[in-house]
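Thanks for making time this morning.

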Amino acid sequence: MEMTLKVQGMSCGHCKQAVQGALKELDGIVSVEVNLDTGNVDVTYDEDTVGKEEMEEAIEEQGYDVLN
């Protein structure tokens with residue numbers, strides 16, 4: 001499955017690495033692409049292993065807001 005999350009508060013390379021790292025630690029995440037210009041985080045994942053709530057929680061634990 002693929003999903004795009006809109007994340008607020010990312011502005012630099014460190015932000016990008018923090019979000020990517022947090023998501024990649026989750027089981028079931030295949031790939032993560034962060035676009036700082038748009039605030040979009042494109043995630044490819046196994047829907048049987050991980051869901052949107054876990055992804056949002058991982059991003060929010062890094063100090064960023066996920067917009068719905």
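Predicted model: local features only at pLDDT ≥ 70, side-chain atom pairs only at ≥ 80, totals over all residues.

Let me begin with helix α2, residues 52-61, where M55, E56, A58 and I59 are buried. When you look down the axis of α2, these buried residues fall within an arc of 160°, so they line one face of the helix.

What do the buried residues of α2 pack against? They pack against β1 (2-8), α1 (13-24), β2 (29-35), β3 (40-45) and β4 (65-67). After α2 comes G63, and its phi is positive, near 100°.

Is E56 buried or exposed? Its relative accessible area is 15%, and the cut-off for buried is under 20%, so E56 counts as buried. Leaving aside residues up to four places away in sequence, E56 touches V66 and N68.

Turning now to the other helix, α1 has C15, A18, V19, Q20, A22 and L23 as buried residues, and what covers them includes β2, β3 and α2. The length of α1 can be checked in a simple way: at 1.5 Å a residue its twelve residues should span 16 Å, and the end C-alpha atoms are 16 Å apart, which agrees.

Within α1 I would point you to Q20, which has a relative accessibility of 16% and therefore counts as buried. Its side chain reaches the backbone oxygen of V32 at 3.5 Å. If we again set aside residues up to four places away in sequence, Q20 touches V32, E33 and V34.

Between α1 and β2 there is a loop, and L26 is found in that loop. L26 is partly exposed, with a relative accessible area of 23%. Although L26 and M55 are 29 residues apart along the chain, their C-alpha atoms are separated by 7.9 Å.

Let me finish with the chain as a whole. Its secondary structure comes to two helices and four strands, and, read along the sequence, the pattern is β-α-β-β-α-β. The radius of gyration is 11 Å, close to the 11 Å that the globule rule gives for 68 residues, so the chain is as compact as a globular protein of that length. Along its principal axes, the C-alpha trace spans about 30 × 20 × 20 Å.

Of the 68 residues, 35% count as buried. Among contacts between residues at least 6 apart in sequence, 59% join residues at least 24 apart, and the pair L26 and M55, at 29 residues apart, gives you one place to look. The accessible surface comes to about 4,200 Å², of which 38% belongs to carbon and sulfur atoms.

Conventions: Residues numbered from 1 in each chain as written. Heavy atoms only, no water. Buried < 20%, exposed > 50% of the residue type's maximum accessible area, 1.4 Å probe, protein only. Arc of directions from axis to C-beta. Contact = heavy atoms within 4.5 Å. Polar contact = N/O pair within 3.5 Å; in protein donor to acceptor, adjacent residues only side chain to side chain. Rg over C-alpha atoms; globule rule 2.2 N^0.38 Å. Areas by Shrake-Rupley, 256 points an atom, 1.4 Å probe, with all protein chains shown as cover. Expected span 1.5 Å × (residues − 1).
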